[in-house]
Amino acid sequence: MKTSVTICALAVLAPALATPLVKRQDFSNIAYPPGTGENLHEYPPGTGENLHEYPPGTGENLHEYPPGTGENLPFYPGTSTPNPIFQFTSTYHIRATPDQVVNGTTNPVFTGGLAGAEATYDFGINVNTELICYFIKLTGFRGEYQSPARTATHVHEAARGRNGPPRLAFPNPAGDGHERFSIGCMQGPFTTGLIVNGADTGEGFKLAQIEANPSGFFADLHSSLAVPGAVRGQFPG
């Protein structure tokens, strides 16, 4: 019985065994074009065929680029150049708090601002392109933004404890929660939307004026609950 089963099985497999196997492609006879080293069995003498290390004098022991070879370059020449618009000639970090807010010009008095509010202003200035980039973070704000200028977020020209006109007006910080943000860049000529004596208070303003006397400027923000200012912070001198 086992013999019969074996014979039957072989009968079934016979057609498959009779099918010829597919021959693998032979790459040994591919002809390389003349002149490409088609007959080489090894590297020709003098081409470094026996080198186990770099020869003396070829920089074999260098652990860093030698002076004068571009070792300090931030980028490779002729490949990519940093965009000069994002190169700042000065940067400033300002912390604005309610206790720095004053009201009045002749005899200014400290108002106390908007209790619980605080803001930080990070500015990057390029005086060559008249560009100022800003990152403004506001916390604890209440009420509505309110100012006679185009927005309620400004840089004013005045020393600590004094008041002066806004020279720059930034988009008001946006957000629904405890934190609000205003992020972007502005390029001159600048306007604030506030007209005094027939001229916009930002007209003719140059960013170089901040670099020349940073402590003569401050950043602030105004609320309907603290119109003279919710928070204020002086530029570091």
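Predicted model: local features only at pLDDT ≥ 70, side-chain atom pairs only at ≥ 80, totals over all residues.
Let me go along the chain. Starting at the N terminus, the order is α-β-β-β-β-β-β-β-β-β-β-α-β-β. The protein chain has 237 residues, and 30% of them count as buried. Its accessible surface is about 15,800 Å², with 57% of that belonging to carbon and sulfur atoms. As for contacts with a separation of 6 or more, 63% are between residues 24 or more positions apart.

Which strands form the open sheet, and in what order? There are four, in the order 7-6-11-12, and the pairing is antiparallel. At the edges stand strand 7, residues 166–170, and strand 12, residues 226–234; each has a single partner strand, so one side of each has no neighbour in the sheet. On average, neighbouring strands of this sheet are turned by 30° against each other, direction ignored. As a reminder, strands of a sheet pair through backbone hydrogen bonds, either parallel or antiparallel.

Strand 6 covers residues 153–157 and is joined to strand 7 by four bridges. Towards strand 11, residues 217–223, strand 6 has five bridges. There, Thr-153 stands opposite Leu-221. Is strand 6 enclosed or open? Four of its five residues are buried, so strand 6 is largely enclosed by the rest of the structure.

Next, a residue in strand 12, namely Gln-234. Gln-234 has a relative accessible area of 8%, and buried means under 20%, so this residue counts as buried.

Last topic: salt bridges. How many does a search of the whole structure find? Three.

In one of these, the side chains of Arg-95 and Glu-118 meet, with N to O at 3.1 Å. Arg-95 is in strand 1, residues 90–96, and Glu-118 is in strand 4, residues 118–126, so the pair ties together parts 23 residues apart in sequence. Glu-118 is partly exposed, at 29% relative accessible area.

Another pairs Glu-179 with Lys-137, and here the closest N and O atoms are 3.3 Å apart. Since Glu-179 belongs to strand 8, residues 179–187, and Lys-137 to strand 5, residues 131–139, this pair ties together parts 42 residues apart in sequence. Glu-179 is partly exposed, with a relative accessible area of 37%. Lys-137 is partly exposed as well, at 29%.

Arg-167 and Glu-157 meet through their side chains at 2.9 Å, N to O. Arg-167 sits in strand 7 and Glu-157 in strand 6, 10 residues apart. Both count as partly exposed: Arg-167 has a relative accessible area of 22%, and Glu-157 has 27%.

Notes: Residues numbered from 1 in each chain as written. Heavy atoms only, no water. Helix = DSSP H or I, 4+ residues; strand = E, 2+ residues; numbered from the N terminus. Buried < 20%, exposed > 50% of the residue type's maximum accessible area, 1.4 Å probe, protein only. Contact = heavy atoms within 4.5 Å. Areas by Shrake-Rupley, 256 points an atom, 1.4 Å probe, with all protein chains shown as cover. Pairing = 2+ DSSP bridges. Axes fitted to C-alpha atoms, helices over the stretch in contact; angles between N-to-C directions. Salt bridge = Lys/Arg side-chain N within 4 Å of Asp/Glu carboxyl O.
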